[in-house]
Amino acid sequence: SVASHAPDHIRAITPYQPGKPISELAREMGIAEASIVKLASNENPLGMSTRARDAARGALADLARYPDGGAFALKAALCARFGVKAEQLVIGNGSNDILEIASQAFLGAGRSAVYAQHAFAVYPLATQARGARGIEVPAKHFGHDLDAMAAAIAPDTRIVFIANPNNPTGTFLLGREIEIFLAKVPQDVLVVLDEAYTEYLSAEQRYDAIAWIARFPNLLVSRTFSKAYGLAGLRVGYAIAHPEVADLMNRVRQPFNVSSVALAAAEAALADDEFLAQSAELNRRGMVQLTDAFAALGLEWIPSAGNFVTFKVGDAAGVNRALLQQGVIVRPIAGYGMPHWLRVSIGLPEENERFIAALRRALA
Ligand code: PMP
């Protein structure tokens, strides 16, 4: 058959498990869709900024034309914001696309990528899809063990993936730990520093990886509009890298990989500092609300720097089922090698409260 003749490395891929649509879950559970609380995909509970929504609506006026494949306006806005040159940028269909494009440009058969145990699921997927070998390095306290990762780099390693904060564990590396790591990595190995949740970092946690590219031309910083900017449904992410790295990636990406609606919304979202600050503040308070509840319930959790938190319940499948029956959707992470843990995204205060009440009942 056609399928049996697909390359072995494609046939060996374990598919990414997306959550079910809310409408389908509501039907299965016999619950009204409106009463479901979805805290499963690290989305922004505030939705999107009104400025981004207006820009997206404006872009609907002309969908007959192709989007700007060079993303001129969004790149100009990113350059002004981060003090980089347009040649350093790659715009992706979500930061997922950035990870794929980097893998496409630098991986292939006979090459390898290094990533951590319990790290974001797309790293092994993108690696395998290119026929490259994945080197998974055991985690330390659920986070990246940077010394072990540096030591695991093989002669054929072309990419090291680091998520900071990491999903699904929420673990966080200090800027200076990453700098020390970068100094150890050979400069012909690309370090993909995935900062999907960076906008949630506290003032004390913040560091400026973009400024390091001048010193470490093998560093790529990956960011997204899906989380704090609230545009997950539109799919926009970006990479900031050395111009030579960005150039190769721009050669292999799809010429029109990001829609005109997404480009317009992202540009407007980038300018809405107030919405970003509001999102981070809501997240900070929600994190206290959830971790206070875990403490009261005697549950273990992993301190998280993201907009989600992973907690231990033992029978995660059973607790997940009990939560679903109460209309609360969280994310089981057995696929990440953590069968006794669940990941919950931080929602609005009342959503967090619904989750806490449902969890209390699920555990009783
Ligand atoms: N990196 C990390 C660490 C993530 O958690 C996610 C989203 N789950 C992504 C990248 C990809 O997000 P997007 O494609 O929406 O930018």
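Biologist: Which residues come nearest to the ligand?
Modeller: Bear in mind that this is a predicted model. The shell around the ligand has 13 residues, and by class these are four nonpolar, eight polar and one charged. Those that come nearest are Gly94, Asn96, Asn167, Thr224 and Ser226.

Biologist: Which residue does UniProt annotate as "modified residue: N6-(pyridoxal phosphate)lysine"?
Modeller: The annotation comes from an unreviewed UniProt entry, and the residue it covers is placed in the loop between strand 7 (219-224) and strand 8 (237-240). Not counting residues up to four places away in sequence, that residue touches Asn42, Asn44, Ala196, Tyr197, Glu199 and Asn307. The residue named by the record is Lys227.

Biologist: Is Lys227 buried or exposed?
Modeller: A residue counts as buried if 20 or more other C-beta atoms lie within 10 Å of its own. Lys227 has 27 other C-beta atoms within 10 Å, and it is therefore buried.

Biologist: How far apart are the centres of domain 1 and domain 2?
Modeller: The domain assignment gives domain 1 as 3-47 + 274-363 and domain 2 as 50-271. Taken over C-alpha atoms, the separation of their centres is 24 Å.

Biologist: Which element gives the largest share of the side of domain 1 that touches domain 2?
Modeller: The contact takes 30 residues from domain 1 and 25 residues from domain 2, and the residues on the domain 1 side divide into 15 nonpolar, 12 polar and three charged. Helix 11 (273-296) and strand 10 (308-312) each supply at least two residues of that side. The largest share, four residues, comes from helix 11.

Biologist: What does UniProt list for residues 36-359, and how much of that stretch is helix?
Modeller: The unreviewed UniProt entry lists these residues as "domain: Aminotransferase class I/classII large". Over the stretch the end C-alpha atoms are 14 Å apart and the chain is 17% strand, while the share of helix is 39%.

Biologist: Why does Ala119 count as buried?
Modeller: Ala119 lies in the loop between strand 3 (112-116) and helix 6 (122-129), and, leaving aside neighbours within four places in sequence, it is in contact with Phe161, Ala163 and Asn166. Its C-alpha atom is separated by 11 Å from that of Asp194, which is 75 residues apart from it along the chain. The cut-off for a buried residue is 20 or more other C-beta atoms within 10 Å, and Ala119 counts as buried because its C-beta neighbours inside 10 Å number 25.

Notes
Residues are numbered from 1 along each chain as its sequence is written. This is a predicted model: local features need pLDDT of at least 70, side-chain atom pairs count only at pLDDT 80 or more; totals for chains, interfaces and linings use all residues. A residue is near a molecule or strand if its C-beta atom, placed from the backbone, lies within 6 Å of it. Ala, Val, Leu, Ile, Met, Phe, Trp, Tyr, Cys and Pro count as nonpolar, Asp, Glu, Lys and Arg as charged, and the others, Gly among them, as polar. UniProt positions are given in the numbering used here, feature names are shortened, and annotations may be inferred rather than shown by experiment. Domain bounds come from an automatic or database domain assignment. Two residues are in contact if their C-beta atoms, placed from the backbone, lie within 7 Å. A residue is buried if 20 or more other C-beta atoms lie within 10 Å of its own, exposed if 12 or fewer, and partly exposed in between; C-beta atoms are placed from the backbone.
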